[in-house]
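Here are a few notes to read with the structure open beside you. Take the points one at a time and find each place on screen before moving on.

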Amino acid sequence: MKVILAKKAGFCMGVRRAVETTLKTVQHSDGRIATYGPLIHNPQVLQLLDERGVDVLSEIPAQHNGTVIIRAHGVPPQDKERLESAGARVQDATCPRVMKVQAIIKKHKKEGRATVIIGDKNHAEVIGLMGYAAPAVHVVSSLADADELQLVGPYIIVSQTTQDEQSFQEYSARIMARFPQGKVFDTICDSTHKRQHEVRVLCQQVEAIVVVGGKSSANTQRLGEIATGMGRPVFMCENEADLDLAALGQFDVVGVTAGASTPTWMINRVIRQIEAVPGRQEGPFSRLIRRLVWFLLMTNIYVSGGGGLLAMAIAAICGGVPPLAAFTIAFGYLLAMHNINRFVGLNFQGASGRPARPKAGKRGYALEMHPGKINDPVQERFCRHFCRPILVLSGMTLVFSGALVWQLGSLPFVIFIAMSFFGSLYGSHIFPHSLQSLFKVKGLKEIPGSKTFLVALAWSLVVVILPCWPVLSERGGVLLVLGLLMLGVIYVRNALFDVFDVQGDKMVGKETLPVCIGERRTLQLLTRILLLLAGLTVAGIATPLPMAGLLFLPGIFLLWIFVSMYRKERIFPGLASTFMLETTLYILALSLGQGRLFF
Ligand code: SF4
């Protein structure tokens with residue numbers, strides 16, 4: 001089934017800021033951490049924060065030792081003062097756009113104006129705004145409220161930031177017609193404007209709309225109302241389990257949007273689930289192909305096959321081991337490492353799949369949570385279910401691969417064993433105590449951004465260097481250039497997958513490159529790396545650098561297109577984009593395969 005994702009779906013700036021503030025506090029503070037009220041209106045995010053040791057205060061206690069985070073919706077100023085008097089270290093994560101509305105109210109209150117808030121009386125943001133405006137404050141939630149309103153003297157009208165635009169215009173016009181001495185401030189935030197506009201446009205391109213978000217999220221509910229008003233069947237869901245797959249199967253093109261408090265990883269999970277639903281017009285052949293692709297991606301056979309073909313092509317160009325041996329060395333190692341790593345991670349969680357509550361520091365606990373459970377639970381469930389056959393297959397391919405490397409000599413075999421050891425135990429606490437206390441990390445996984453680089457390095461060794469070991473001394477220059485290019489290409493591939501999972505990784509405390517430097521800067525860095533790689537290949541024409549590098553150009557170009565399209569929000573994480581990204585390896589292998597004609 002075809003899915004079109006709204007560009008503005010998911011966390012808005014204010015929610016992202018509040019969640020990141022909380023996660024940073026969790027990481028850097030050892031004391032007790034709580035939010036005053038639920039941080040955002042999303043039960044899955046709240047559950048994860050709970051698992052990371054963040055409590056929720058529903059009332060202000062008489063005494064509080066520790067940090068209290070004020071949520072994105074803001075609170076009445078009196079509550080903030082009471083929290084401080086109770087001894088709490090208050091960290092204000094109120095969204096700057098909500099702060100702006102609070103400032104408008106404060107300013108006009110000083111001038112003696114009353115405040116009319118158009119919004120939901122029980123919404124946390126409106127309760128906070130009422131605290132700034134009290135005592136001369138009125139809340140209008142319906143046309144009836146607007147008609148019953150009685151105002152004397154000057155006043156202002158503001159809006160809840162997530163209010164529906166049409167209702168705001170209608171209610172404020174009605175009030176102004178009766179009491180013209182007011183001033184109207186349209187304080188609906190940009191993000192809401194764009195999200196609501198986008199859902200109207202999306203409705204014209206699709207047959208049905210799926211809205212992802214918390215049941216208590218007002219802006220999520222509003223998106224559903226807008227889509228219903230546009231005459232489209234609407235499926236509201238908090239997560240992928242809520243989807244009515246049978247009903248969705250009646251459509252071929254479905255639009256997906258999400259509320260401002262819905263994390264990207266939840267949207268991705270819903271998209272993956274919808275993509276797996278056969279469309280109305282899908283025949284048995286396309287269904288078979290789709291299932292096959294899904295199986296190959298889930299088991300890592302597809303990506304390892306790409307690696308095997310690359311090794312074959314490079315061995316053929318450089319005169320390394322025979323093609324089948326080159327394929328087996330790379331395929332066997334890559335399949336084993338991709339799968340074993342995943343299972344080592346799964347085992348941290350114990351039988352229930354739910355991590356235990358933290359015992360000592362929260363930081364250590366976070367690293368024990370498995371990101372697959374958040375980012376891709378379908379794959380996680382698949383791995384858990386087929387754990388034994390996949391591990392047996394991976395073990396066998398690793399042995400085959402090792403046996404072939406053994407025949408190349410003792411040094412390549414030692415390198416292979418070291419790669420397998422560090423690859424398998426990447427997620428474990430393998431550093432001795434002296435190193436742990438010196439560098440404050442227990443294993444490779446805890447070194448920020450290490451996975452992206454180390455995986456690329458392993459690919460480079462197993463795809464380029466080991467299959468060409470017999471000619472390493474004669475063709476060292478070519479192999480060095482090809483190895484560097486392979487490292488760069490795989491680094492970009494890995495980092496793109498990390499970008500897809502950035503929000504989920506942040507939640508579990510995984511220190512990937514995009515988590516460390518941000519999504520936007522990672523994409524900029526990847527673009528620069530690709531330009532550098534392209535420059536390196538072209539340099540082969542004018543310098544003594546081996547021309548074989550030129551064969552990397554199509555793969556580099558495809559990755560560049562992928563990064564650019566992702567930056568422009570033309571593609572989004574899902575089965576289709578994962579398949580496209582992995583297919584780049586096959587196209588690169590095809591291009592390198594042509595090298596035999598020239599070298
Ligand atoms: Fe801030 Fe707008 Fe998000 Fe509300 S919807 S938290 S006002 S950015």
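This is a predicted model: local features need pLDDT of at least 70, side-chain atom pairs count only at pLDDT 80 or more; totals for chains, interfaces and linings use all residues.

1. Now step back into the helix itself. H13 covers residues 301-318, 18 residues in total. From its first C-alpha to its last it reaches 26 Å, close to the 26 Å expected at 1.5 Å a residue.

2. Is H13 enclosed or open to the outside? Of its 18 residues, 14 are buried, so the helix is largely enclosed by the rest of the structure.

3. For a contrast in setting, look at helix H12, residues 284-298, where you will find Leu288. Leu288 has a relative accessibility of 56%, and because the cut-off for exposed is over 50%, this residue counts as exposed. Together with Phe285 and Ile289, Leu288 makes a nonpolar surface patch of about 340 Å². A handy rule goes with this: an α-helix has 3.6 residues a turn, so residues three or four places apart point the same way.

4. Next, the sheet. Four strands form an open sheet in the order S3-S2-S4-S5, and their pairing is parallel. Strands S3 (54-57) and S5 (89-92) stand at the edges with a single partner strand each, so one side of each has no neighbour in the sheet. On average, neighbouring strands are turned by 30 degrees against each other, direction ignored.

5. Finally, zoom in on one pair. S2 (residues 33-36) and S3 run in the parallel sense and are joined over 4 bridges. Which residue of S3 is the bridge partner of Tyr36? That partner is Leu57.

Definitions and conventions: Residues are numbered from 1 along each chain as its sequence is written. Side-chain values use heavy atoms; hydrogens and water are left out. Two strands pair if DSSP finds at least two bridges between them. Helices (H or I, at least four residues) and strands (E, at least two) are DSSP runs, numbered from the N terminus. Axes are lines fitted to C-alpha atoms, for helices over the stretch in contact, and angles run from 0 to 180 degrees between N-to-C directions. Patches are made of residues with over 30% relative accessible area and no salt bridge: like charges are joined within 9 Å, nonpolar side chains (Val, Leu, Ile, Met, Phe, Trp, Tyr) within 5 Å. Accessible areas come from the Shrake-Rupley method with a 1.4 Å probe; for residues, only the protein chains shown count as cover. A salt bridge is a side-chain nitrogen of Lys or Arg within 4 Å of a carboxyl oxygen of Asp or Glu. Buried means under 20% relative accessible area, exposed over 50%, partly exposed in between (1.4 Å probe, protein chains only). The expected span of a helix is 1.5 Å times one less than its number of residues.
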